[in-house]
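The following paragraphs lead the reader through a protein model, from its terms to its elements and then to its charged side chains. The sequence and the structure are shown first.

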Amino acid sequence: MRARVSRTVVFWWGDGQLICDDPLRHKQVALTEAAERLLRAYSDWAEVDGPLARQLLGAHILVGEGSAEHDLEESLGNWRELGPAAAYYHLASRTLEG
């Protein structure tokens, strides 16, 4: 299976750690140095290799090619065309059903 970094997540540095913000799930994860290095290999489609890559796939930081999550990213249409900031704002400002 091939995967790449999700187009819906956003990264930033906080307190010396790389933080991944997933606006679809309204959750944030602090990444390890090993995860940070591994993400570079998945900037474009690459074979999922190793337990850390599988863990990042399970955490939705990586998205599998042809998966339901990949289809969702592709369906963002106009939001994605407006750029990552607009898409992030749109996704992050939605409320979760409770």
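This is a predicted model: local features need pLDDT of at least 70, side-chain atom pairs count only at pLDDT 80 or more; totals for chains, interfaces and linings use all residues.

A residue is called buried when its relative accessible area is under 20%, exposed when that value is over 50%, and partly exposed in between. Asp22, with a relative accessible area of 4%, is therefore buried.

The overall composition comes next. The protein contains five helices and six strands. Read from the N terminus, these elements follow one another as β-β-β-β-α-β-α-β-α-α-α. The protein has 98 residues, of which 34% count as buried. Among the contacts with a separation of 6 or more, 52% are made by residues 24 or more positions apart.

One part of the strand arrangement is an open sheet of three strands, in the order S5-S1-S6 and with antiparallel pairing. Its edge strands are S5, residues 46-47, and S6, residues 62-64, each of which pairs on one side only. Strand S1, formed by residues 2-5, is joined to S5 by two bridges, and these two strands run antiparallel. Within this pairing, Arg2 has Glu47 in S5 as its bridge partner. Three bridges join S1 to S6, again in antiparallel fashion; here Arg4 has Val63 in S6 as its bridge partner. Helix H2, residues 51-58, lies across S1 and S6 and runs at about 85 degrees to S6.

Strand S2, residues 10-14, pairs with S3 in the antiparallel sense over five bridges. Gly14 stands opposite Gln17 in S3. S2 and S3 form a hairpin with two residues between them, and Asp15 in the turn has a positive phi of about 50 degrees. The pairing of S3 with S4 is likewise antiparallel and extends over five bridges. In this case the partner of Asp21 is Gln28 in S4. S3 and S4 also form a hairpin, with four residues between them, and His26 in its turn has a positive phi of about 55 degrees.

Leaving aside residues up to four places away in sequence, Asp22 touches Val9, Lys27, Ala59 and His60.

The charged side chains complete the picture. Side chains of opposite charge can pair when their charged atoms come close. The structure holds five salt bridges. One of them joins the side chains of Glu69 and Arg25, with an N to O distance of 3.4 Å. Glu69 lies in helix H3, residues 68-74, whereas Arg25 lies in the loop between S3 and strand S4, residues 27-31, so the pair ties together parts that are 44 residues apart in sequence. Glu69 has a relative accessibility of 13% and therefore counts as buried, while Arg25, with a relative accessible area of 30%, is partly exposed.

Another salt bridge is formed by Glu33 and Arg37, whose closest N and O atoms are 4.0 Å apart. These two residues are four residues apart in helix H1, residues 33-39, and are therefore separated by about one helical turn. Glu33 is exposed, at 60% relative accessibility, and Arg37 is exposed as well, at 53%. A further salt bridge links Arg40 to Glu36, the closest N and O atoms being 3.8 Å apart. Arg40 counts as exposed, at 62% relative accessibility.

Technical notes: Residues are numbered from 1 along each chain as its sequence is written. Side-chain values use heavy atoms; hydrogens and water are left out. Buried means under 20% relative accessible area, exposed over 50%, partly exposed in between (1.4 Å probe, protein chains only). Contact means heavy atoms within 4.5 Å. Two strands pair if DSSP finds at least two bridges between them. Axes are lines fitted to C-alpha atoms, for helices over the stretch in contact, and angles run from 0 to 180 degrees between N-to-C directions.
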